[in-house]
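Here is a short briefing on one protein model. Keep the structure in view as you read the points below.

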Amino acid sequence: MLSTVSIVPMPPLFKARHFPIGGAVRPDDVVGRQATIAALAFTLRSGQNVLLPGPRRTAKSSVAAKVMADLDGEGLLTLRPAFLKLNT
């Protein structure tokens, strides 16, 4: 059986020079992504697989952590994503 994958695009909101770099922010500190967070949470609650494509430094990891924390808070079983770094 094939599973479906929903794609939630992650366009950049700010230029990288505006914020410090060094990893994902804490779930409580994520701002400006409410629509993406809501769409991602809805899709995951529906049982669909999700892919978060986007350029580097567009908050993909931070959004994923925020959604997982929110779903954990709702009592849903969540698994943490495995991140794969590809060198091309």
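Asp29 is partly exposed, at a relative accessible area of 40%. Its salt-bridge partner is Arg26, with 3.2 Å from N to O. Arg26 is exposed, at 56%. Here buried means under 20% relative accessible area, exposed means over 50%, and partly exposed lies in between (1.4 Å probe, protein chains only). This is a predicted model: local features need pLDDT of at least 70, side-chain atom pairs count only at pLDDT 80 or more, and totals for chains, interfaces and linings use all residues. Residues are numbered from 1 along each chain as its sequence is written, and side-chain values use heavy atoms, with hydrogens and water left out.

**Salt bridges**

- The structure holds three salt bridges. Each is a side-chain nitrogen of Lys or Arg within 4 Å of a carboxyl oxygen of Asp or Glu.
- Glu74 and Arg45 form one of them, at 2.8 Å from N to O. This pair links distant parts of the chain, 29 residues apart: Glu74 sits in the segment after helix 2, and Arg45 sits in helix 1.
- Glu74 is partly exposed at 45% relative accessibility. Arg45 is partly exposed too, with a relative accessible area of 45%.
- Lys66 and Asp70 also meet in a salt bridge, at 3.2 Å from N to O. Both lie in helix 2, four residues apart, about one turn of the helix.
- Lys66 counts as buried, at 18% relative accessibility. Asp70 is partly exposed, at 29%.
- Helices (H or I, at least four residues) and strands (E, at least two) are DSSP runs, numbered from the N terminus.

**Nonpolar core**

- The largest nonpolar core has nine residues: Val8, Val30, Ile37, Leu40, Ala41, Val63, Val67, Met68 and Leu71.
- Two elements give two or more residues to this core: helix 1 (34–45) and helix 2 (60–73). Helix 2 gives the most, with four residues.
- A nonpolar core is a set of buried Ala, Val, Leu, Ile, Met, Phe, Trp, Tyr and Cys residues, joined through side-chain atoms within 4.5 Å.

**Positive phi angles**

- Arg57 is not a glycine, yet its phi is positive, about 65 degrees. Arg57 lies in the loop between strand 2 (49–51) and helix 2. Arg57 is partly exposed, at 43% relative accessibility.
- Ala59 has a positive phi as well, near 75 degrees. Look for Ala59 in the loop between strand 2 and helix 2. Ala59 is partly exposed, at 28% relative accessibility.
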